[in-house]
Amino acid sequence: MRTIFTNPNHKRLQRLWFGLIILMIACRAAALPFAAAEPQPQPPGLQAESPTPAPQPAQNPAEPGPTPAEPGPTPAEPGPTPPAALPETPSLPIPQPAPAEPAAPPQVILHPEGGLYVGDQVSFEVLPPPDGLAGANQVSLSLAGPAQAHFPVPQSLGTQRFDAFGIGGRTQATFTWAWDTHGLAAGAYDLTFTLLPDGPTWTQTLELQPADQLPAAEQGATWSLARSACCAVYYITQTEAERDLPQLLQDLDAQAASAVGRMGITFTAPITITLVPRLVGQGGFADDTISVSYLDRDYTASEIGRIIHHEMIHILDARLGGSYRPSILVEGLAVYQSGGHFKAEPLMPRSAVLLDQFGSPPLAGLDWYIPLRPLTDEFYTSQHELGYLEGASLVEYMVRRWGWEDFSTFYRDIQPPTSGGQASAINTALKRHFNLTYAELEADFLQALRSEPTSQAWRADVELTVRFYDSMRRYQQLLDPSAYFLNAWLPDQKVMRERSIVADYLRHPSAPINLALETLLAGASRDLIAGRFEQMKARLDAVNLVLDAVQAGIPDPLQASPLAGRYARLVEQISGLGLAVQRLEIEGQSASAWVRDGLTGLREMQFTELENGAWQTSP
Ligand SMILES: [Zn+2]
């Protein structure tokens with residue numbers, strides 16, 4: 001007998017997921033396909049590791065961004081699972097003459113990541129076997145506990161369909177918080193998964209560790225709420241957000257005041273903000289609430305205040321309304337009104353270097369300019385940093401030309417296109433308001449960019465910003481895929497709070513290779529912001545050499561780069577001292593490390609490199 005979960009909350013979850021997706025792409029999405037193994041066409045001059053997006057189907061005109069795939073149904077109440085359910089399927093594969101049965105098992109991604117402990121509420125993402133599903137469309141999971149446990153054996157965790165998941169539409173079966181381990185015995189549990197309708201079945205062993213071995217930072221950590229003048233702020237205790245809360249609340253109020261001043265409209269209700277102690281995507285996403293990653297080892301090159309300001313502009317922009325706001329103008333407006341995308345930056349001078357030539361006498365530009373019509377119609381699948389920069393410059397150009405009031409009136413009067421995509425809608429509104437086609441506007445915009453004073457420094461800044469974020473996303477794809485925006489693990493935060501779930505955010509991959517590459521990326525982001533371009537290139541090259549080796553399946557990929565190897569040896573030395581590294585700087589044979597001191601404190605330590613490559617602490 002087959003069991004299919006029915007879920008009364010499914011529609012609500014669907015809506016919530018949809019909202020998250022829309023604004024996650026709206027704010028942080030980048031246009032990289034999941035499979036990085038094969039070379040992709042890319043803008044000239046981009047690194048080989050920076051794949052550009054595959055073309056996407058036309059967007060739904062009513063909704064900004066690609067239509068998100070709906071996740072598989074989630075158990076309505078994934079609390080304690082029914083006791084003593086019998087296995088639903090035979091434990092042996094059923095012979096299948098054709099099509100051929102998959103030989104290798106599906107990949108199962110567990111949440112929380114990084115080890116399971118008694119008390120965890122565990123989720124499973126089951127990916128199709130490497131050879132494909134061979135006609136299967138569902139998978140059932142069951143668990144058998146250790147012999148000594150008082151545990152109904154085996155226990156069904158239900159059945160889920162293979163379906164498209166996340167922005168990237170990855171095919172998987174999703175079991176959200178399907179296994180509640182409260183009160184269970186520690187030990188080895190056998191997870192059996194069976195493809196339906198006809199098998200086969202595989203079993204893999206999960207190790208459930210005792211609750212008292214939970215990392216210290218997680219023991220006692222729980223959700224908490226703080227309020228400021230503008231905002232209701234959810235955070236997890238014992239994290240950096242709790243440590244810095246007084247300053248964060250002040251900063252939020254300052255950002256809200258700025259956003260209100262820029263848009264000339266006030267918030268009608270407190271803004272709900274969740275401070276997430278793990279990097280997801282590029283650090284921020286929003287639906288009708290805002291989520292921002294806040295952690296010491298943040299390896300993005302973003303200012304958190306600017307991310308929050310950007311999201312606040314979206315909320316106010318939505319309040320001002322408009323029957324059809326094209327994505328390029330929605331995002332362009334948020335960047336323009338925030339004075340930059342990831343940092344304060346002049347928009348027109350940075351866009352000017354995207355052309356084939358810039359300045360006078362002309363210097364060679366990056367030649368990365370994406371023509372407005374394809375960029376408008378495929379905004380969220382175009383190269384992320386370029387699309388946002390061009391959109392923001394275009395908004396700035398229009399505001400300069402017609403003034404804010406006339407621009408805003410035009411923007412909010414754009415109507416859904418009767419045919420074609422978002423570019424057609426803009427074209428029609430431009431003709432009605434300014435007697436101008438989109439192509440004519442672009443010609444004028446390009447002329448303005450060509451005459452814009454700019455510099456080689458902005459060219460380097462734009463080039464390295466694109467290179468940095470492409471490398472960062474590549475790291476996530478290969479070594480922390482649940483942080484990668486296309487497959488991001490974005491649990492329902494309201495349910496997380498109701499069920500006191502914090503491990504999905506607190507625990508994530510932290511092997512030496514993760515710590516080494518994250519500290520390298522974080523260092524590269526500081527170099528980028530400070531304009532230390534040569535040092536930044538060296539750190540980014542180290543990251544990409546290691547990722548090349550990971551992708552090629554080379555054992556010990558950290559040895560692919562001498563610099564990454566030095567970081568890794570230092571990271572392991574620090575971990576061996578029982579400390580968690582947050583930030584590293586190596587200069588000559590000396591290193592400064594900022595490590596976690598207590599639950600959230602930071603302490604600087606000095607190290608010296610020995611001739612054999614090992615590091616030792618310095619006084
Ligand atoms: Zn945005």
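This passage looks at the chain as a whole and then zooms in on strand β14.

The structure is a predicted model, so to speak of local features a pLDDT of at least 70 is needed, side-chain atom pairs count only at pLDDT 80 or more, and totals for chains, interfaces and linings use all residues. Residues are numbered from 1 along each chain as its sequence is written, and side-chain values use heavy atoms, with hydrogens and water left out.

Start with the big picture. The protein chain has 17 helices and 20 strands; helices (H or I, at least four residues) and strands (E, at least two) are DSSP runs, numbered from the N terminus. Of its 619 residues, 57% are buried, where buried means under 20% relative accessible area, using a 1.4 Å probe and protein chains only. As for contacts (heavy atoms within 4.5 Å), of those between residues at least 6 apart in sequence, 67% link residues at least 24 apart.

Now for β14, which spans residues 290–293 and is covered on both faces. Ile290 and Val292 sit buried on one side, while Ser291 and Ser293 are buried on the other. In a regular strand, side chains alternate between the two faces of the sheet.

Strand β14 also has partners, and two strands count as paired if DSSP finds at least two bridges between them. Strand β12 (residues 271–276) runs parallel to β14, with four bridges joining them. Strand β13 (residues 284–286) pairs with β14 in the antiparallel sense over three bridges, and a hairpin of three residues connects β13 to β14. Ile290 turns up in both pairings: this β14 residue is the bridge partner of Ile273 and of Ala286.

Note on methods. Buried means under 20% relative accessible area, exposed over 50%, partly exposed in between (1.4 Å probe, protein chains only).
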